[in-house]
Amino acid sequence: DTMKKSRNVGTSSPVNGKQDWDTRRKRKIADITQALSVSPVDVAALRRMAISEGGLLTDEIRCQVWPKLLNVPLDVLNQEPDTVDRENNKDYNQVLLDVQRSLRRFPPGMPDEQREGLQEELIDIILRVLQRNPQLHYYQGYHDIVVTFLLVVGERLATALVEKLSTHHLRDFMDPTMDNTKHILNYLMPIIERVNPEVHDFMQQAEVGTVFALSWLITWFGHVLSDFRHVVRLYDFFLACHPLMPIYFAAVIVLYREEEVLECECDMAMVHHLLSQIPQDLPYETLISRAGDLFVQFPPSELAREAASHESMASSTFKDFELASAQQRPDSVLRRRRRQKQAALESSGVSSVVAVAQPSAARRFVRLAVMGLTVALGAAALAVVNTALEWAPKLDLFP
C-alpha cells in the first residue's frame with residue numbers, strides 16, 4: 001500500500017532532514033510574504049502555500065492569510081465587535097454548556113484565569129454571529145470550530161472569519177435540520193468505493209453507515225484530534241479548498257486504515273467503534289496531499305449523482321464558480337480518459353483496477369488552488385479565474 005510506504009520515503013539522516021526543512025520553510029515564508037505584498041494580493045499563491053507541506057507555518061502568518069483565503073475585507077476585520085445580549089439569546093444556555101465542556105480544546109497548562117477569559121470570548125463570538133445571522137442555527141460542535149479560530153487569531157478577527165465561514169463552508173451544518181449534513185456525508189462511500197472497492201463492500205456489509213464521520217465533518221476534525229497543531233494544519237488546508245474537502249479527508253483516513261478495517265469483525269458496532277477512534281499519529285502531510293489528489297480525480301460533480309437526493313447549499317453556491325471556470329476543470333477530461341482506458345482494459349480482458357494518478361506535486365497544488373477558489377471569493381472569483389486561464393496553458397495545468 002503506497003500510503004503506508006510513503007511514511008518512510010526519503011528519510012535522510014535527521015540532521016540533513018531538519019536543515020532541508022529549515023531551508024524550505026524559510027523559502028516558503030518568503031513566498032508567502034511576497035504573495036501578501038503585491039496588490040491585489042496573490043490569493044492563488046496563498047492557497048497553494050496553505051495546501052502544500054507544512055501549511056501556513058505560524059499563527060502570525062495565519063492572521064494575515066486566513067482573511068485573504070476567506071476574502072474578508074479589511075474594514076470588516078477592523079470593525080468593533082457588537083455587544084452581545086446574552087439574556088435574550090435563545091442559544092445562550094446550550095452554547096454555555098458546550099463551552100464549559102470544551103476544556104480539552106485549550107492548551108494544557110494554560111492558567112485557569114486565562115482559559116476562563118477565552119471561554120467568555122468564545123461564547124460572545126458564537127452568539128454575535130448567530131445574532132447577526134438569524135438564518136443560521138447553532139449546532140453542537142460549532143464551538144469546536146470557533147475555538148480554533150479564537151486561539152489562532154484572537155476575538156476580533158475570529159468573529160469576522162467565523163461569520164464568513166458560517167455563511168459559506170459551514171452553511172449546510174447550520175440548517176434547522178440535518179438533511180444537508182447527511183447529504184454531505186453521502187459523498188464518503190462513493191469516494192471510498194472509487195479507490196478501494198474491498199473496503200467499501202466490507203463497510204456496506206457491516207452496515208456501519210457514515211455517522212462515525214459526523215463529528216469529524218461538522219467540527220473540521222477539531223473535536224477528535226488531540227494535538228492542536230494538527231487541527232490548525234488541517235484548517236489551513238480546508239480554508240484553501242472546496243467546501244467538500246473535509247469529506248475527502250475523512251475518506252482518506254478510512255482508506256489509510258484499510259488493514260485495520262478489513263481485520264475487524266464485520267459487525268456494525270465493532271466497525272463503528274474502530275473508525276470513530278482516530279489514531280493520533282496519522283501522517284497528516286501524506287493524507288492531505290492524498291485528499292487533494294482524490295478531489296482532482298473524483299470531483300464532487302462526478303460523485304454527485306450517487307450522493308444526491310438533493311443539492312447541498314455550500315456545494316450548490318459553489319456551482320456558480322464551477323460554471324465560471326468550466327474551461328479549466330479536469331474532471332471531464334479525466335473521465336473521458338478513464339473511459340478510454342477502461343474500454344482498452346476490457347477489450348484486452350484485463351480486470352480493471354482504479355489507478356490513482358499522482359500528478360507532480362507542483363502541478364497538483366496549482367490545480368487544487370485553482371479548483372479551490374471557493375465561493376468565498378464572491379465577485380473576485382471571475383477576475384481570478386480569468387487570470388488563472390491566462391497562466392493555465394503555460395503551466396499545463398490539466399494535461
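Is Arg62 buried or exposed, going by its relative accessible area?

Reply: Arg62 is buried, at a relative accessible area of 7% (buried is under 20%, exposed over 50%, partly exposed in between, with a 1.4 Å probe and protein chains only). Keep in mind that this is a predicted model, where local features need pLDDT of at least 70, side-chain atom pairs pLDDT 80 or more, and totals for chains, interfaces and linings use all residues. Residues are numbered from 1 along each chain, and side-chain values use heavy atoms, without hydrogens or water.

Arg62 has a partner: its side chain meets that of Asp59 in a salt bridge, 3.1 Å from N to O (a Lys or Arg side-chain nitrogen within 4 Å of an Asp or Glu carboxyl oxygen). The two sit three residues apart in helix H4, so about one helical turn separates them (a helix is a DSSP run, H or I, of at least four residues). Asp59, at 28%, is partly exposed.

Now zoom out a bit. H4 (residues 59–69) packs on helix H8 (residues 142–153) at about 115°, with the axes 9 Å apart. That makes the two roughly perpendicular (65 to 115 degrees). Both Asp59 and Arg62 take part, joining Cys63 and Trp66 of H4 in meeting Phe149, Leu151, Val152 and Val153 of H8 (heavy atoms within 4.5 Å). By type, six of these contact residues are nonpolar, none polar and two charged.

Another one joins Arg233 and Glu285, at 2.8 Å from N to O. Arg233 is in helix H14 and Glu285 in helix H18, so this pair ties together parts 52 residues apart in sequence. Arg233 is buried, at 7%, while Glu285 is partly exposed, at 30%.

Conventions: Axes are lines fitted to C-alpha atoms, for helices over the stretch in contact, and angles run from 0 to 180 degrees between N-to-C directions. Angles under 35 degrees count as roughly parallel, over 145 as roughly antiparallel, 65 to 115 as roughly perpendicular and the rest as oblique. Ala, Val, Leu, Ile, Met, Phe, Trp, Tyr, Cys and Pro count as nonpolar, Asp, Glu, Lys and Arg as charged, and the others, Gly among them, as polar.
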